[in-house]
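The tour goes from one selection to the next.

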Amino acid sequence: MTANVHDGETMTALQVACDTAVSGCVFKLRTEENDKQRLLEITREHVAEQHGKDFTLEEIEEQHVETVDVSTDGHEH
Ligand SMILES: [Zn+2]
């Protein structure tokens with residue numbers, strides 16, 4: 001028996017925050033889950049350009065990407 005409450009749906013998003021706090025960087029980016037590749041690439045470019053550091057996409061994904069729940073509010077999917 002299933003009792004799915006289809007109200008106040010929660011979806012998952014991906015968020016990355018630049019944690020090179022030393023330089024006071026406030027770079028933060030959030031995308032939908034299926035947009036991960038873009039998130040990783042944008043972040044990699046940012047880190048390379050702003051901080052001169054070379055991360056692989058895997059490193060960014062493992063160390064910097066976090067999953068966040070986003071409550072959708074009357075937003076049709
Ligand atoms: Zn940064």
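**Around the metal site**

Start by selecting the zinc ion in this predicted model: its site is tetrahedral, with angles of 102 to 116° among the four donor atoms. Now show the protein donors, which are Cys 18 (SG), Cys 25 (SG), His 46 (NE2) and His 51 (NE2). These atoms lie 2.0 to 2.3 Å from the zinc ion. Along the chain, the donors follow the spacing C-x6-C-x20-H-x4-H.

Next, select Cys 25 and His 46 together. Cys 25 sits in the loop between β1 (10-17) and β2 (28-32), and His 46 is in helix α1 (residues 36-51), so this pair ties together parts that are 21 residues apart in sequence. Stay on His 46: with a relative accessible area of 13%, this residue is buried.

Move to His 64, in the loop between α2 (57-63) and β3. Is His 64 buried or exposed? His 64 has a relative accessible area of 15%, which is under the 20% cut-off, so the residue counts as buried. To see what surrounds His 64, select Gln 15, Val 16, Ala 17, Asp 19, Phe 55 and Glu 59; these are its contacts once neighbours within four places in sequence are left aside.

**Colour by confidence**

Finally, colour the protein by pLDDT. The average is 84, and 81% of the residues score at least 70. Among the elements, α1 has the highest mean pLDDT (95) and strand β3 (residues 65-71) the lowest (90). Where pLDDT is low, the predicted coordinates should not be read in detail.

Definitions and conventions. Residues numbered from 1 in each chain as written. Predicted model: local features only at pLDDT ≥ 70, side-chain atom pairs only at ≥ 80, totals over all residues. Heavy atoms only, no water. Donors = N, O, S within 2.8 Å, 3.2 Å for Na, K, Ca; no water. Tetrahedral: all angles 85-135°; square planar, octahedral: opposite > 155°, others 65-115°. Helix = DSSP H or I, 4+ residues; strand = E, 2+ residues; numbered from the N terminus. Buried < 20%, exposed > 50% of the residue type's maximum accessible area, 1.4 Å probe, protein only. pLDDT = per-residue confidence, 0-100. Contact = heavy atoms within 4.5 Å.
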